[in-house]
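Please keep the sequence and the coordinates open as you read.

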Amino acid sequence: MKQKKVSRRGFFKLLGTAGVVGVGATVSGCSNESAGGKGWMPSQYNVPANWPVQVKGRIPIDSNNVSIERDDAKCILCGQCLEVCRNVMSVYGYYELPVKKEIVCVNCGQCTLWCPTGAITERQDTAKVLTALDNPAVHVLVQTAPATRVSLGEEFGLPPGSIVQGKQVAALKALGFDAVLDTCFGADLTIMEEASELLERVKHPEHSLPQFTSCCPGWVKFVEYYYPDLMPHLSSCKSPQQMFGAVAKTYYAAKKQISPDHIVSVAVMPCTAKKFECQRPEMNAAGVEAKLPAVRDVDIVITTRELAQLLKKRGIDMNSLDSAEYDSILGETSGAGIIFGATGGVTEAAVRTAYHLSTAQDPPDSLLTWSPVRGLQGVKEATADIPGLGTVRVAVCHGLKNARELLAAVREKKAPWQFIEFMACPGGCIGGGGQPRTSLPPTDEVRKARIANLYKLDSALPAKRSSYQNQEIRQVYQEWLKEPLSEEAEALLHTRFVDRSDQLTAKR
Ligand code: SF4
Ligand code: SF4
């Protein structure tokens, strides 16, 4: 007789329902009452675990989650996803069960980096990219995030952190993109707006200080869920990805004489939350401007891992390609744009430009290698003396659990800082949930290698360390946006936020 196969997960399920004497299973994470409140201790699972392994449970994933998905057949209920979601991101366990409408998730994708079997992955969007590339009627452009240039090589056997900026561009051209452009341009644009906003907030104390960065979509959603009372502190700036997208389908479209509805805008990101960000309803500034409601600022986001899959699928060996240059326009970057990919990089970039906006001088060397905001310490602090602005105190934080202590200080009005950078993922974007699974779970050695090479790329641009020195940025203001915080810039580059706190309480 043919025997019916029972998967490991099915086996555990069997044990649970049969109530086998002497065999127990604990679903960890469900026992953390202090974090989650009611609903976090299903009594049927609250039994001692002593044989032969513990079934530790797993995070719930919404079927509508646009960033991550799970292949149940690969899941061994090891609980690694719970560990990172609860102990690094402080999301799992920080809401009531049963869920109200959606399973609370900030889309960071850290669980994809911790899952030992590869059961959790990003939601696949590579087929959409191939469909666009195979359509001769559309102009398909791609932007690449700062962090992917120091991680993509790991998917092709290179050591962690290897710089593959030029080879990545060449590989994308080989794939058939009509234009290969740089999200670092968007980062420089973000800094022009964000540093200008900081100056405004410091000069007008009625505005909320400290100013929080808003370029990390996982962090932004975290505030929307857990700290909506602090949303006025968030910079209204869109992220570099979304600023780039809005400018690509307006300014770039006009310069290249292409209708925005004939452009497919693709982004290669180290991040799974960017998939969520691009489909937020308000991210349609170009569509509003062109009166084409269906036009989105960014159409498709793929992770670094998905790009590697695409290249392998099309038989493109990145290592064998000669380096190529980004296209123009929207392809130029400053060093400041590049260090956006590391924790502390946004702060350093913002202070360099804030110094210039306040003094009309270039920042001193000490602000071009601002060591107090660099490194992997969970929370960093620094001060900068800026003539005309005074002493600016900043804090930098990565890993959302670390954010909670800073946010508590802000809530209690005990925060001494004017500016706080928050990044959801440990290490910043270089440690994003869409990055290569070079070590499992991710290690600081890999993060340090990637960060070191971003700073190396920054130093390699001695005449262009700050965002205001990017010539294409000067051009876009002259020809399109006028000046930072202008009416035109507000319409294209700034956004609003949504209170999601009602999702944290259980459905009654
Ligand atoms: S994506 Fe982030 S927040 Fe969502 S389940 Fe995974 S670790 Fe938790
Ligand atoms: S980490 Fe992966 S294998 Fe382990 S419980 Fe979570 S989804 Fe399942």
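The report below starts with conventions, then turns to cavities, ligands and strands.

This is a predicted model, in which local features need pLDDT of at least 70 and side-chain atom pairs count only at pLDDT 80 or more, while totals for chains, interfaces and linings use all residues. Residues are numbered from 1 along each chain as its sequence is written, chains are lettered from A and ligands numbered from 1 in the order in which they are written, and side-chain values use heavy atoms, with hydrogens and water left out.

**Cavities**

The structure holds five cavities of 30 Å³ or more. A cavity here is a set of points, on a 1 Å grid over the protein atoms alone, where a 1.4 Å probe fits but cannot get out; lining residues have an atom within 4 Å of a point. Grid points are joined across faces, edges and corners, and a volume is the space filled by probe spheres set on the points.

| Cavity | Volume |
|---|---|
| Largest | about 290 Å³ |

Of the 26 residues lining the largest cavity, C215, P217, C271, K274 and C429 are the closest to its centre. Its lining divides into 18 nonpolar, seven polar and one charged residues, where Ala, Val, Leu, Ile, Met, Phe, Trp, Tyr, Cys and Pro count as nonpolar, Asp, Glu, Lys and Arg as charged, and the others, Gly among them, as polar.

For the second largest cavity, 21 residues form the lining, and I59, I68, C85, V104 and C105 lie nearest its centre.

**Ligands**

Which cavity does ligand 1 sit in? Ligand 1 sits in the second largest cavity, meaning that more than half of its atoms lie within 2 Å of the grid points. Around ligand 1 (a heavy atom within 4 Å) are I59, I68, C85, C105, V106, N107, C108, G109 and C111. This shell has seven nonpolar, two polar and no charged residues.

Ligand 2 is surrounded by 14 residues, and C75, C78, C81, C115 and I120 are the closest.

**Strands**

Strands (DSSP runs of E, at least two residues, numbered from the N terminus) pair if DSSP finds at least two bridges between them. β8 (residues 379–386) and β9 (residues 390–398) pair in the antiparallel sense over eight bridges, with A395 of β9 as the bridge partner of E381. β9 also pairs with β10 (residues 419–423), in the parallel sense over five bridges, and there V396 stands opposite E421.

Terms used
Helix = DSSP H or I, 4+ residues; strand = E, 2+ residues; numbered from the N terminus. 1 Å grid on protein atoms, 1.4 Å probe; cavity = no way out; pocket = protein on both sides within 12 Å on 5 of 7 lines; lining within 4 Å.
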